[in-house]
Amino acid sequence: MDITTIVVSTLAILACIIPLILVVKNKGKKEKEFKSVIFGMAAKSNAHIDLYDRWNNTIIGMDNSNRKLFFFRKAGGNEVQHAVDLNDIETSSIVNTQHHVKKDNYNVTQRLELALVSKDRGKRILLEFYNADYDSLTIVDELQLAEKWSRNVNAIVSGDGVVKK
């Protein structure tokens with residue numbers, strides 16, 4: 001092999017590898033940023049995060065022993081934070097807002113939210129897991145995560161206290 005072939009091959013390999021390294025590094029940085037937000041929220045409430053999930057621009061976490069739920073989302077230039085005392089929550093459910101496409105006869109999810117229903121006259125706190133206006137065009141894990149967190153919240157508020165990781 002001549003030197004030109006070696007240089008060109010090396011540059012081609014680097015051109016493929018460097019973007020992958022940057023993506024992984026950026027993902028780790030984003031994970032750290034989001035974790036610091038909810039861990040900070042928990043610290044302000046004298047709580048600690050036992051369980052959390054992060055996806056896209058959202059993170060949710062829970063302190064089982066103190067019965068607290070923490071939520072943070074960055075979307076559409078806005079930041080949404082919720083620190084919820086689960087002692088004040090009666091139940092949780094999933095709200096899947098869809099619209100129907102008549103031409104091809106199917107439903108498209110516009111928004112997916114975890115609804116926390118308060119013991120105080122049924123007031124609802126909506127935690128947005130997916131919004132087609134801000135997130136990717138397709139739902140990836142958001143529905144499974146919403147179901148998981150709905151089960152977790154219901155386990156805590158019902159007194160079972162069994163939270164699945």
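Which side chains meet in a salt bridge at 2.7 Å, N to O? They are those of E33 and K74. The structure discussed here is a predicted model, and the distances and accessibilities below are computed from it.

**Salt bridges**

Seven salt bridges are found when the whole structure is searched. Among them is the pair of E33 and K74, which connects distant parts of the chain. E33 sits in helix α1, residues 3–44, while K74 belongs to strand β3, residues 68–75. The two residues are 41 residues apart. E33 is partly exposed at 33% relative accessible area, and K74 is also partly exposed, with a value of 28%. Salt bridges with shared partners bring E33, K74 and E79 together in one network.

Strand β3 also holds R73, whose salt bridge partner is E128. R73 and E128 are both buried.

A further salt bridge joins R111 and E113. Its two partners fall into separate accessibility classes: E113 is buried, because its relative accessible area of 9% is under the 20% cut-off, whereas R111, at 31%, is partly exposed. Side chains of opposite charge can pair when their charged atoms come close.

| Salt bridge | N to O distance |
|---|---|
| E33 and K74 | 2.7 Å |
| R73 and E128 | 3.1 Å |
| R111 and E113 | 3.4 Å |

Strand β5 covers residues 89–101 and strand β6 residues 106–118. They pair in the antiparallel sense, with twelve bridges between them. Within this pairing, T91 is placed opposite V117 of β6. Four residues lie between the strands of the hairpin, and N105 adopts a positive phi near 55° there.

**R54 in strand β1**

Is R54 buried or exposed? With a relative accessible area of 19%, R54 is buried, because the value is under the 20% cut-off. R54 is located in strand β1, which spans residues 51–55. A polar atom of the R54 side chain lies 2.7 Å from the backbone oxygen of N56.

Key
Residues numbered from 1 in each chain as written. Predicted model: local features only at pLDDT ≥ 70, side-chain atom pairs only at ≥ 80, totals over all residues. Heavy atoms only, no water. Pairing = 2+ DSSP bridges. Buried < 20%, exposed > 50% of the residue type's maximum accessible area, 1.4 Å probe, protein only. Polar contact = N/O pair within 3.5 Å; in protein donor to acceptor, adjacent residues only side chain to side chain. Salt bridge = Lys/Arg side-chain N within 4 Å of Asp/Glu carboxyl O.
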